[in-house]
Amino acid sequence: MQFGSGMQAPLFFADVGQVNFQVPWELAGQSQSTLAAALNSQAGTGQIVSFAPFSPGIFSTNAQGTGQGAILDSSYRLVDPSNPASAGSTVVQIYCTGLGAVTNQPPTGSQTPISPYSLTTTTPTVMIGGVQATVQFSGLAPGFVGGYQVNALVPAGSSKGTAVPVTIAFGGATSNTVT
């Protein structure tokens, strides 16, 4: 993938109908650019893409952004009906994208260091079961490229069940809803 300035975007996955890549950190502050797929140094027709400082999206296990979220407990086990979180005592790790600028920004295409952390410059609002959760960490997920992790304490007053809704709001934008 190549942006209008000739900047290459690190590619992580490509298949029919899906291409996963990192928008280079160097494009921060721009409102739009052209983007074209390139193969063997031959770029296709560019398409205009718009940028926003924040565009939170929670990853889901079905890769469609719906249903079961990519949410783990402190033992790195998926939080789901067979491994439910306990309201008021479980800290969950929510994996997402689109949370914007961070401290200790790694180079484009590079893994996030384990230390020091790359923290978001603003704390997101996490809603679990209709109640605001206490955020304990918000930043790039250590060891990954461009992926974010938000750790939050499941609030004592949140709803219970097999499909409790979870969202993240950041910079005036709200994520998809997962469970």
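F3 is buried, because its relative accessibility is 2%, under the 20% cut-off. This is a predicted model. F3 belongs to an aromatic cluster together with F21 and F51.

**Aromatic pairs**
- The structure holds four aromatic pairs.
- One of them joins F3 and F51. The pair is tilted, with 5.9 Å centre to centre and 50° between the planes.
- F3 sits in strand β1 (residues 2–3), while F51 sits in the loop between β7 (47–50) and β8 (57–58). The two are 48 residues apart, so the pair links distant parts of the chain.
- F54 and F170 form an edge-to-face pair. Their ring centres are 4.7 Å apart, and the angle between the planes is 65°.
- This pair also links distant parts of the chain: F54 is in the loop between β7 and β8, F170 is in strand β15, and 116 residues separate them.
- Is F170 buried or exposed? F170 counts as buried because its relative accessibility is 2%.
- F54 counts as partly exposed, because its value is 23%.

**Nonpolar cores**
- The largest nonpolar core has 22 residues. I94, V126, I128 and I168 touch the most other members.
- β10 (91–97), β11, β14 and β15 each supply at least two residues of this core.

- Side chains alternate along β11 (residues 125–128). V126 and I128 point to one face and are buried.
- V126 has contacts beyond its neighbours within four places in sequence, including I94, V150, A152 and I168.
- β11 runs antiparallel to β15 (residues 166–170), joined by four bridges. In β15, T167 is the bridge partner of M127.
- β11 also pairs with β12 (residues 131–132), again antiparallel, over two bridges. Here M127 stands opposite Q132.
- β11 and β12 form a hairpin with two residues between them. G129 in the turn has a positive phi of about 60°.

**N151 in strand β14**
- N151 lies in β14 (residues 148–153).
- N151 counts as buried because its relative accessibility is 15%.
- The side chains of N151 and Q149 make a polar contact at 2.9 Å.
- Leaving aside neighbours within four places in sequence, the contacts of N151 include V91, Q93, T134 and F137.

Key
Residues numbered from 1 in each chain as written. Predicted model: local features only at pLDDT ≥ 70, side-chain atom pairs only at ≥ 80, totals over all residues. Heavy atoms only, no water. Buried < 20%, exposed > 50% of the residue type's maximum accessible area, 1.4 Å probe, protein only. Pairing = 2+ DSSP bridges. Polar contact = N/O pair within 3.5 Å; in protein donor to acceptor, adjacent residues only side chain to side chain. Contact = heavy atoms within 4.5 Å. Core = buried A, V, L, I, M, F, W, Y, C linked by side-chain atoms within 4.5 Å. Phe/Tyr/Trp six-rings, centres within 6.5 Å; stacked < 30°, edge-to-face > 60°.
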